[in-house]
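Subject: Handing over the structure

Hello,

Here is the structure I promised you. Please open it alongside this note, and then read on for what turned up.

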Amino acid sequence: MPKRSEEMLMDLWISLLLVWITCVPRVSATPIVGPSKSTQTGGSAAVASGLGEGQRLLSRAKRGWVWNQMFVLEEFSGPDPILVGRLHTDLDVGGKNIKYVLAGEGAGTIFAINELTGDIHAMKRLDREEKAEYTLTAQVVNADTDEPLEPPSEFIIKVQDINDNPPQFIEGPYRASVPEMSAVGAPVTRVTATDADDPVYGNSAKLVYSILEGQPYFSVDPNSATIKIALHGMDREMREEYLVVIQAKDMGGHMGGLSGTTTVTVTLTDINDNPPKFSKSLYEFVIPEDLPIGKMGGKVKANDRDIGDNAKSTYSIIEGDEQGTFEIVTDAQTQEGILRVKKPLDFESKRAYTLKVEASNVRPEPSSSGPFKDTATVKIVVEDSDEPPFFSKPVYLLEVNENAPINTVVGTVTARDPDSSGSQVRYFIDRHTDLERQFNINVDDGKITLAKPLDRETDMWHNITVTATEVRNHSQISRAIVAIRVMDINDNAPEFATEYEAFLCENGKPGQVIQTVSAVDKDDPIQGHYFDYRLVPEMLNNPNFTIKNNQDNSISVLAKHDTFRRQKQEMYFLPIIVTDNGNPPMSSTNTLTIRVCGCSKEGIVQSCNVEAYVLPIGLSMGALIAILACIILLLVIVVLFVTLRRHKNEPLIIKDDEDVRENIIRYDDEGGGEEDTEAFDIATLQNPDGINGYLPRKDIKPDLQFMPRAGQHSGPNGVDVDEFINVRLHEADNDPTAPPYDSIQIYGYEGRGSIAGSLSSLETASSDSDQNYDYLREWGPRFRRLGELYSVGESDRET
């Protein structure tokens, strides 16, 4: 351990010993080991407190603790545990079986107690900055049974501070700023250091500040740590930034104290203490005379050592430009003065200019003295250029009547070459501005003539561009705008302002205004429009309508009577002549359509159709159509129902008088009879060959045109019936006049040697009910109907 620490520990122990000697009771047989400073609490035996001379001894109650606050030095790191203090009770007298028990903060880990002697030792190195005091509880118990012999008592062990923490600048390093040229003693900033040691005990936490680096420019207050200006006239333009090192030392700054340092970067802020200064006193520029207006002709620059807004300057021309030919503006980025042409230059009239230009600060510093401006001379030489022709006017305004004939001179434009050489000029019309080629121009003298007829009502204005070009240099072109106004003449008749359709109420009164009519005229006379209205001569004595002049270029159409009826006449046409006041006057006939309508009592039009008049009140045409449609639909349904009922009541069996198949006979009796023999020619089967092979038909009307086909010949006698039937079947199939069942015959002749037996039902042994006619359907579509008829006949007999 350093020598200084040993001396401090020695002083501390001496102080503790003196306190112990002073506070221990002189009559007590058991001294207190360790430091003691404060009160004593009771114990089980009477213990006397230390008293002054002449005072009597006081007896205490039962409790006999010798009790004091205990202290332990922090950061003690000896080879053995450090003795903090000793506990003692009056019960601890010869041979008593007792022991001391310690509990509370750090008991058993940081602090340990000797159970027999009551000595308390610190087992670890303590740091007051981590924990300044510990609260513990002591108690005397029976060593064998651990039964408490006395109630527990609480005491405190305080960790005594030593100077083991240096000052620290928590917020460092610092940055500060101060305006340049500040007065001596002006505060810059304040720094703060902290010390973790106990500020109450000793001077361990008493700090003193000093400056280690930054003289002679700055100083620091030793107690408040305020940094101040120490040097007069600190100029930012000479040096802008300074580094200051500040030290904080504890122990009041005495030797042996601990210290800490921090840095403070001080920046001098700018003030406007420097005027602008031109880099040279004379500037020379050569500017061509055709430089466009607003273009740059040169640059000047005034430098300012200040920065930011303090370095901004404005430029102005103070001499030499009485005509205002030039202007100078400030470039916001470079702070240069831009010299621009404000009016056209003319080499022929003035060839040189001498200007005086001034640069001044935008915001001078109020506290600064002296002018914050500078001046320079600018000489400008105008250079000759080949200039384009110059029109006498930039815009020409011409007028022409709309009825002017072709080749009429509208006006003249003039241009000249401003150069000293004086080249001739040619004139042209820019056809992009005259797409319809309404005008022509003389290339030599600039006369504009009319190329096509004009109509003011179509185009009132024609704006064309005329170019002038030097003959010697065609690239030199200038332009002028020519506005041509077409003057009006009275060439349009007035007409109705709109297609009027008036409505007249049947219940209107005589003199009622039917319609107010006004007119428009495409012409535009100087004195304004005035229209005269009148009825056509044929209608001057119109019995139905008349007109009234409203004295405002409009008329009112009036009804003469109240007997208008839609049934009599639904629509009236009233021709009206409208005449203007032009020279010569123009007129037109316009027809007003007047419809007669049904109106309410208030005069509101309700219906203007004749058909609507005959309808019942409150029933519209749409409702009437819907009613008629419903009636027609009901009639159709009734007709369909009756037709279906009639078809349903008809029998499925065809009656005899309606049957066209006379060859189909139903027999109600047995045996032949005359009907059987007369219905058929039995000889046909008995003589299959017939008469020349042609068998006449009896079931249809004979067709005289029908003859047997050529090439068909009957066979010789003895032909088989089967072949005969096939021939007749073929003829029936190809005969367009025969019904589909004409080939069915009832034969009483079986032919010669037929194996099939008789085909007639007359000679069959079975009755009709035993027959099955389903096989007829298999013979083809021509026999299907026959099978159905036989089936129906059989059903009739059963019913």
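First, a definition: two strands pair if DSSP finds at least two bridges between them. Strands themselves (E, at least two residues) and helices (H or I, at least four) are DSSP runs, numbered from the N terminus.

Some ground rules. This is a predicted model, numbered from 1 along each chain as its sequence is written, where local features need pLDDT of at least 70 and side-chain atom pairs count only at pLDDT 80 or more. Totals for chains, interfaces and linings use all residues, and side-chain values use heavy atoms, with hydrogens and water left out.

**The whole chain**

The protein chain has seven helices and 40 strands. Of its 799 residues, 35% are buried. Buried means under 20% relative accessible area, exposed means over 50%, and partly exposed lies in between (1.4 Å probe, protein chains only). Contact means heavy atoms within 4.5 Å. Take the contacts between residues at least 6 apart in sequence: 64% of them join residues at least 24 apart.

β11 and β12 (residues 226–229) run antiparallel and are joined by three bridges. Val220 has Ile227 of β12 as its bridge partner.

A further open sheet of three strands has the order β25-β29-β28, again with antiparallel pairing. Here β25 (409–412) and β28 (439–441) are the edge strands; each has a single partner, so one side of each is left without a neighbour in the sheet. Neighbouring strands are turned by 25 degrees against each other on average, direction ignored. β25 pairs with β29 (residues 447–450) in the antiparallel sense, over three bridges. Gly411 has Ile448 as its bridge partner in β29.

**A loop residue: Gln476**

Look next at the loop between β30 (461–470) and β31 (477–487), where Gln476 lies. Is Gln476 buried or exposed? Gln476 has a relative accessible area of 16%, so it counts as buried. Setting aside neighbours within four places in sequence, its contacts include Asp386, Glu387, Pro388 and Pro389. Ala468, Thr469 and Glu470 are also among them.

Ile594 sits in strand β39 (residues 587–599). Its relative accessible area is 0%, so Ile594 is buried. Beyond neighbours within four places in sequence, Ile594 is in contact with residues including Ala502, Leu504, Ile514, Phe545 and Val557. The C-alpha atoms of Ile594 and Tyr500 are 8.8 Å apart, although 94 residues separate them along the chain.

How many disulfides are there? Counting pairs of cysteine sulfur atoms within 2.5 Å, the answer is two. A disulfide is a covalent bond between the sulfur atoms of two cysteines.

Cys505 is joined to Cys599, S to S 2.0 Å. The torsion about that S-S bond is about -85 degrees, so the disulfide of Cys505 and Cys599 is left-handed. The pair links distant parts of the chain, 94 residues apart: Cys505 is in strand β33 (residues 501–505) and Cys599 is in β39. Cys505 and Cys599 are both buried.

Cys597 and Cys608 form a disulfide too, with sulfur atoms 1.8 Å apart. The torsion about the S-S bond of Cys597 and Cys608 is about 100 degrees, so this disulfide is right-handed. Cys597 is in β39, while Cys608 is in the loop between β40 (605–607) and α2 (610–613), 11 residues apart. Cys597 and Cys608 are buried.

With the bonded cysteines numbered in sequence order, the pairing is 1-3, 2-4. As for Cys630, its relative accessibility is 48%, so it counts as partly exposed.

**Helix α6**

Helix α6 (residues 721–734) has 14 residues. From first C-alpha to last it reaches 20 Å, close to the 20 Å expected. The expected span is 1.5 Å times one less than the number of residues. Val721, Phe724, Arg728 and Ala732 of α6 are buried. Seen down the axis of α6, the buried residues fall within an arc of 70 degrees, so they line one face of the helix. The arc is that of the directions from the helix axis to the C-beta atoms. An α-helix has 3.6 residues a turn, so residues three or four places apart point the same way.

Best wishes

Technical notes: Axes are lines fitted to C-alpha atoms, for helices over the stretch in contact, and angles run from 0 to 180 degrees between N-to-C directions.
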